[in-house]
Amino acid sequence: SNEYKSYLRMSLYPTLEDMEVSSMAATQAAVEQRLTQQAITAASSGGTVDIATSLYPSLDSWMGIDSKQLQEYNRLTPSSGAVVAAPVSGGSSNAAEIKQGVRQVVGCKDPSSGRVGLSVESINKGVFVSYVAQDSIAARAGLRFGDQILQINGESVAGWSKSKTIEFLKKADPAHIKFAVRDRPFERTITCVKDSAGCIGFRFKKAKINAIVKDSSAARNGMLTDHFLVEIDGQNIVGLSDEKILKIIKSKDRTITVTVMPEFVYDHMVKHLGSSLKKHMDHSVPSEM
């Protein structure tokens with residue numbers, strides 16, 4: 001039925017509103033279940049339960065914030081071994097996958113530098129991640145080059161400039177920064193199979209694809225010229241030399257997934273990144289979750 005199809009689309013591709021409503025509904029259901037159990041226990045012993053003050057979850061409970069942990073933030077040090085950032089949702093067994101819908105990422109500022117470890121660019125009234133520093137909070141939280149930021153701490157960033165976004169992050173609570181993110185909307189993945197010579201069928205220079213071999217796996221799977229390589233099997237390669245990119249490709253198994261971005265978008269994303277910044281981008285091998 002049409003209602004079932006609509007529900008299925010909502011389940012597979014959640015919107016920002018779906019994510020917030022789902023979080024609130026899950027918390028509410030858990031509270032109601034606990035309250036019911038408390039009422040049964042109280043009734044058996046002749047006691048009562050104050051439903052009016054117990055039924056509705058607190059804001060801390062709904063948003064997943066532990067106030068005690070936030071108060072302890074200032075005592076965290078890099079050597080403490082504490083986890084200070086992690087993806088809340090959107091994990092995948094395929095690190096290269098670009099998921100539809102919206103995911104939530106929670107992090108904080110680095111205690112020593114006071115930074116999150118990212119930069120952004122404004123494109124078509126949207127805000128996109130253009131730089132993620134190596135070993136930064138942003139990298140550990142799961143933010144990636146090309147991700148679109150929809151909200152920061154509940155504030156919609158649609159129409160914001162780069163400078164306004166950076167200024168907002170500077171003023172944000174250092175202990176808790178929450179992002180609503182859409183996975184890399186300007187990018188697409190292409191899975192290719194190496195031939196007997198270990199080639200997948202395209203040539204590139206300075207990470208830009210400039211030729212495709214006829215009847216190759218790349219050609220059959222829709223590879224296009226005038227696109228930039230940005231990931232290999234989910235690993236960010238922006239800023240790496242062609243020699244290092246080729247080495248990564250050769251080290252992979254027979255089947256390999258490359259992520260590409262159109263040239264005009266890529267040029268805009270990296271126009272403010274100098275060679276030194278590119279060298280310090282996060283190039284870690286993503287873990288499969």
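1. Is Gly 274 buried, partly exposed or exposed? Gly 274 counts as partly exposed, at 33% relative accessibility. Buried means under 20% relative accessible area, exposed over 50%, and partly exposed in between, with a 1.4 Å probe and protein chains only. Gly 274 sits in the loop between H10 and helix H11 (275-279). Gly 239 is 35 residues from Gly 274 in sequence, and the two are 9.4 Å apart in space, C-alpha to C-alpha.

2. A word on the basis of this note. This is a predicted model, in which local features need pLDDT of at least 70 and side-chain atom pairs count only at pLDDT 80 or more, while totals for chains, interfaces and linings use all residues. Residues are numbered from 1 along each chain as its sequence is written, and side-chain values use heavy atoms, with hydrogens and water left out.

3. Now the overall picture. The chain has 11 helices and 13 strands. Helices (H or I, at least four residues) and strands (E, at least two) are DSSP runs, numbered from the N terminus. Of the 289 residues, 39% count as buried. Contact means heavy atoms within 4.5 Å. Among contacts with a separation of 6 or more, 67% join residues 24 or more positions apart.

4. Next, the largest nonpolar core. A nonpolar core is a set of buried Ala, Val, Leu, Ile, Met, Phe, Trp, Tyr and Cys residues joined through side-chain atoms within 4.5 Å. The largest one holds 34 residues, and Phe 145 and Leu 229 touch the most other members. Seven named elements give two or more residues each: strands E4 (126-132), E8 (188-193), E9 (202-205), E11 (227-232) and E13 (255-262), with helices H9 (242-251) and H10 (263-270). A second, separate core has 20 residues, including Val 132, Leu 143, Ala 172 and Val 181.

5. Leu 229 deserves a look. Neighbours within four places in sequence aside, its contacts include Phe 202, Phe 204, Ile 245 and Val 258. Phe 202 is buried at 11% relative accessibility. Phe 204 is buried at 16%.

6. Those two Phe residues also pair with each other. Phe 202 and Phe 204 form a tilted aromatic pair, 6.1 Å centre to centre with 45° between the planes. Rings of Phe, Tyr and Trp (its six-membered ring) pair if their centres lie within 6.5 Å; planes under 30 degrees apart count as stacked, over 60 as edge-to-face and the rest as tilted. The structure holds 5 aromatic pairs. Phe 145, Phe 228 and Tyr 266 form one aromatic cluster.

7. Ile 245, Ile 248 and Ile 249 are buried. They cover an arc of only 100° around the axis, so they lie on the same side of H9. The arc is that of the directions from the helix axis to the C-beta atoms. The buried residues pack against E9, E11, strand E12 (235-236) and E13. The face turned away from the buried side carries exposed residues: Glu 243, Lys 244, Lys 247, Lys 250 and Ser 251.

8. Salt bridges come next. A salt bridge is a side-chain nitrogen of Lys or Arg within 4 Å of a carboxyl oxygen of Asp or Glu. By this rule there are 10. Arg 184 forms one with Asp 147, at 3.9 Å from N to O. Arg 184 lies in the loop between strand E7 (177-182) and E8, and Asp 147 in the loop between helix H6 (137-141) and strand E5 (148-152), so the pair ties together parts 37 residues apart in sequence. Both Arg 184 and Asp 147 are buried. Arg 184 also bridges to Glu 187 at 3.5 Å, N to O. Glu 187 is buried as well.

9. Another bridge joins Lys 208 and Glu 263, with the closest N and O atoms 3.0 Å apart. Lys 208 is in strand E10 (residues 208-212) and Glu 263 in helix H10, so this pair links distant parts of the chain, 55 residues apart. Lys 208 is partly exposed, at 23% relative accessible area. Glu 263 is partly exposed too, at 24%.

10. Which lysine is buried yet has no salt bridge? Lys 252 is, and the nearest side chain of opposite charge, Asp 233, is 4.1 Å away. Lys and Arg count as positive and Asp and Glu as negative; His and the chain ends are not counted. Lys 252 lies in the loop between H9 and E13. Leaving aside neighbours within four places in sequence, Lys 252 is in contact with Lys 194, Ile 232, Asp 233 and Gln 235.
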